[in-house]
Amino acid sequence: PKTDIVFLKVHKSASSTVMNILFRFGETHNLTFAFPQGGGFQLYYPHHFLAKFVQGFSPLSPRRFNILCHHMRFLQPEVQKVVPRSAVYFSILRNPVQLMESSFVYYKGASAFSHVRSLEEFLSQPWRYYDPASGDRHYARNLMTFDFGFNPDGDVSPERVQLMLKAIEASFDFLLISEYFDESMVLLKEMLCWDLDSVVSFPLNSRDSSTKSPLPDSVVEKLKAWNRLDWEIYTHFNRTFWERLDRHIGRERLRREVRALRQRQAELARACLQGTGSVGPKDIKDSSLRPLQHGGARILGYNLKQGLPRELERTCRRLVTPELQYSSLLYKKQFPPPPP
């Protein structure tokens, strides 16, 4: 199994669920994480990543960490200072149309969105609301492009787009697609030589469907045009994702593996969860399992069954622990506070 991993956690793309998978794998195998300084949750985002943002990094000691997976704006020469040379690099993408709809609800307070009532209003004259010089502009345009380290207001000429795609391909071993999450997990398992239970998950940091609204076609086209660089990244890597699956796994085995993964998840859901699945924030009984609520979104969570056997309880709890709580827990384990 591969144990040295860089995961670029792209915003609003099922990346919290992937992070939970990496947290559980790292904890089970006693791996080290490249945590943000002081146990924060982002590596000085939205600035480009620098090695000095990592707790315990020193340019004088060649200490390397196994897993880098907190939010960052990618800059490979700096990333290489904190992980072994053998590290596998991957990320996950989401259709930019759904991505921006999600960003709009989640980052409602961002400067570009704060004076509009709807995404349609924003897209009717985006330059009226969008300021390329503002520090939070990236939430409103080409968010994936930004997270990969590029300029979200950059040139969209075919030559420029090709350079960007080539640069991503040169840095990353593979990219997953959040719309095909189960297929992505089968590919992840294959590329990292992990077992099935290592890639099992429950959706985390997902929002209640009451805040989701379908977008008219005219808005979808405007969204694609406004997020043209993201659209180019997504369509290119969606294609190579399926090519890679065909090459490494084949459709027949893929179907079998997806079925096995879903069965295992259903089995764990029956064993672990009260009710049939996720619940709204008000209905989460254990406050330590309540995810952070943000913007206009209602972020869902889970209730565990009472009286589970100890080992099963531990497995179940890890599957549903929200990212901030889990990150803090692992940070304290890796950097124990000095005794009083």
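A residue counts as buried when its relative accessible area is under 20%, as exposed when that area is over 50%, and as partly exposed in between, with a 1.4 Å probe and only protein chains considered. By that rule, buried residues make up 54% of the 340 residues in this protein. The structure is a predicted model, in which local features need pLDDT of at least 70 and side-chain atom pairs count only at pLDDT 80 or more, while totals for chains, interfaces and linings use all residues. Residues are numbered from 1 along each chain as its sequence is written.

As for overall form, a compact globule of 340 residues would have a radius of gyration near 20 Å, and the protein agrees with this because its own value is 20 Å; the radius is taken over C-alpha atoms, and the globule rule is 2.2 Å times the number of residues to the power 0.38.

The secondary structure comes to 13 helices and 4 strands, these being DSSP runs numbered from the N terminus, with H or I over at least four residues for helices and E over at least two for strands. The 4 strands form an open sheet with parallel pairing, in the order 2-1-3-4, where two strands pair if DSSP finds at least two bridges between them. Strand 2 (67–68) and strand 4 (174–177) are the edge strands, each pairing on one side only. Strand 1, residues 5–8, pairs with strand 3, residues 88–93, in the parallel sense over 4 bridges, and Ile5 has Val88 in strand 3 as its bridge partner.

How values were computed: Heavy atoms only, no water.
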